[in-house]
Protein chains: 2
Amino acid sequence: MSSVSIKEVAARAGVSPGTVSNVLNRPEKVAESTRSRVEKAIRELGFVRHGSASSLRAGHSRTVGLSVIDIGNPFFTDVAAGVEEVASERGYAVILGNSSGDRLKEERNLLVFAEQRVRGVLITPAGGDLAKLDQLRGRGINVVLVDHPAERADQCSVAVNDITGGSLAVSHLLAAGAGRIAYVTGPLTIRQCADRLTGAERALSAAGRDPGQALEEVAVSAMNARSGQQAAEKLVAEGRLPDAVFCANDLLALGVLRGLLHAGVRVPQDVLLIGYDDIDFASASAVSLSSIRQPTHRLGRVATELLLDECDNPESHAHQQVMFQPELVVRESTR
Amino acid sequence: MSSVSIKEVAARAGVSPGTVSNVLNRPEKVAESTRSRVEKAIRELGFVRHGSASSLRAGHSRTVGLSVIDIGNPFFTDVAAGVEEVASERGYAVILGNSSGDRLKEERNLLVFAEQRVRGVLITPAGGDLAKLDQLRGRGINVVLVDHPAERADQCSVAVNDITGGSLAVSHLLAAGAGRIAYVTGPLTIRQCADRLTGAERALSAAGRDPGQALEEVAVSAMNARSGQQAAEKLVAEGRLPDAVFCANDLLALGVLRGLLHAGVRVPQDVLLIGYDDIDFASASAVSLSSIRQPTHRLGRVATELLLDECDNPESHAHQQVMFQPELVVRESTR
DNA sequence: TATGCTTGTCGAAACGTTTTAGTCAAAAGC
DNA sequence: GCTTTTGACTAAAACGTTTCGACAAGCATA
């Protein structure tokens, strides 16, 4: 109800509102004695700065927008946790938007961000829409792409090399003795799925195999456990079991694992299995799952650091396209 | 950079700023012809309302704060998704805070919310601190407790009956023929863990068993898969395997499952196993997991609807303490 | 024709900060 | 001892909305 303003603080401390503002924003500019007097008044009155008024006058807020494709996916959740961490450390608030992969919803999120006059936006784009983002930049809102390498040099982005990831997985399977490999994946229109396939093919070529021969693609529509199980059941039913299965995603891999075990196929004795993402549950499954680990948390952290650096040091800021390297995690399913 | 203000829109449409504001907020109050003229100007100039200015003058923002204990936990993630959904439908932005179970961090989140002058706060409290929340209410910020039943009638809350949940789980185990049951749980200082235990004991009593005899508590410090596995290993090593294991959490249950299978104990033939939360991964494990399902998504949705109702209709709003009922999901691990 | 009522628009005063220019005394420089 | 510099503070003008009282025009009623 009654919110204390800077004026009341000023009155109680016997100074002008401007001085209170200085105590808040440039404490070194005000004399020790008055500063402590003002701070005392602030405490006694329970004053908290009015963010809207502050950002209206100052011209910029202390918030960033985060738009992710699917907040239910542990991958994005970890990213979000990293973002929240850094933002909170630096006194920024995070406005969350979930696009659910829907372009329209994403656009609505961006509008909300624009209305809130966020300082910057972190986004895992749902589609390849550079236009809307440039529009935001035109409004003075910085944008950092997350899990999506920028194609232009005038923007920041943070991603993980999915081609390397695909190579790592398949090289490992080959080293473990696999001849024929199945790649269980979501739609290849998803960049991540396509890149991991490319990596897989490169690993095969490098090992002197013909990707067309050694690799079978099994595409499913949804990247969840159920689809994975169905894919496994299909492979079993058609009697064309490969030596190893590489899944574009741990959820798919968990489903495949389940499907195989149910059909009496032993993992890793009969079929090797490796997933992607290294979600927490990967190590908790009955046969613990080998996987490709991505530095999700760091992804979020670095993206936010980049963004806030761009906001706070617009002059000295150099745009960066950060590309992390994924890491192979070997567990029972390929041993 | 250059943001278009309401004045420029007014100038282009040949009306006063006040009229533009009316078009934005009470379109029915302005004549058809002028309205469309103004809307045209808005489109042409790419105007978007300045949220800070708006909430400064109007006295309230269009944002809500959401403070959760652990954004990495699928339970809270689902809740958050529900919150985001409703908020976004109603044109509200969600400011996310992750307390990590830390009281201090939670307090910092609340401060940020207060600075942003959020319309209301949704919170899964990290501790039993009513004080801070009453302080927020004193500032005119509405508060809804999430997954925590309010003890007073003057506030809204949304929760799931954990006592019923505990009963459901244990009744099911008893019906399936279990005699001795182990309850693997996190610290009993966590309300949810304690309530589920109470429910378990009630189910035993109702079945004419002595809870002291039939139920063994195995408390671990962290509620994750690793702790669960350790608990299972301990039970096996000490040679005191129960007929059934009830876990306070699916992550624990997945760990227990793994520990048992590794020791050659068959589930469900040798030991029955049931978890809690019914996270997605529960159905994807090697032996699919029976569990207690909570309406997480609805929890988030209803909490947000309650909050926004309280914000928009302060007069007619009646405080509610909503208590959802959990649901038994039977899968392989108890069949 | 005067009166009241309705409808649509305007002008101006807020809202709570930040910031700029300016005041005034005390310290420093010559 | 005079000017200049510094340091600490103040006063007032913004920032972009919303809202409220005023008012003009149109129209029905008396």
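Modeller: In chain B, helix α5 (residues 74-89) packs against helix α13 (residues 296-312) at an angle of about 40°, and their axes are 7 Å apart. Helices here are DSSP runs of H or I with at least four residues, strands are runs of E with at least two, and both are numbered from the N terminus. Axes are lines fitted to C-alpha atoms, for helices over the stretch in contact, and angles run from 0 to 180 degrees between N-to-C directions. The angle makes α5(B) oblique to α13(B); angles under 35 degrees count as roughly parallel, over 145 as roughly antiparallel, 65 to 115 as roughly perpendicular, and the rest as oblique. The crossing of these two helices is right-handed, a term used if the near helix is turned clockwise from the far one, whereas a left-handed crossing has it turned anticlockwise by less than a right angle.

On the side of α5(B), the residues making the contact include B:Phe75, B:Asp78, B:Val79 and B:Glu85. From α13(B), they include B:His297, B:Arg298, B:Leu299 and B:Glu305. Two residues are in contact if their C-beta atoms, placed from the backbone, lie within 7 Å. By class, this contact has 9 nonpolar, 5 polar and 5 charged residues. Ala, Val, Leu, Ile, Met, Phe, Trp, Tyr, Cys and Pro count as nonpolar, Asp, Glu, Lys and Arg as charged, and the others, Gly among them, as polar.

The model is predicted: local features need pLDDT of at least 70 and side-chain atom pairs count only at pLDDT 80 or more, while totals for chains, interfaces and linings use all residues. Residues are numbered from 1 along each chain as its sequence is written, and chains are lettered from A and ligands numbered from 1 in the order in which they are written.

Helix α5(B) also takes part in the meeting of the two chains. There, 43 residues of chain B are in contact with 44 residues of chain A. On the chain B side, α4, α5, β2 (93-98), α6 (103-115) and α12 (250-262) each supply at least two residues, and the largest share, 6 residues, comes from α5(B). The residues of this side divide into 21 nonpolar, 14 polar and 8 charged. Between the chains, strand β2 (residues 93-98) of chain A and β2(B) pair in the antiparallel sense over 3 bridges; two strands pair if DSSP finds at least two bridges between them. One bridge joins A:Leu96 to B:Val94.

Helix α12(B), which also belongs to that side, lies across β6, β8 (244-247) and β9 of chain B and runs at about 150° to β8(B). These strands belong to an open sheet of 4 strands in chain B, in the order β7-β6-β8-β9, with parallel pairing. Because β7 (215-219) and β9 (272-274) stand at the edges, each with a single partner strand, one side of each is left without a neighbour in the sheet. From one strand to the next, the twist averages 20°.

Helix α4 of chain B, another contributor to the side touching chain A, is also among the elements that each supply at least two residues of the surface near DNA strand C.
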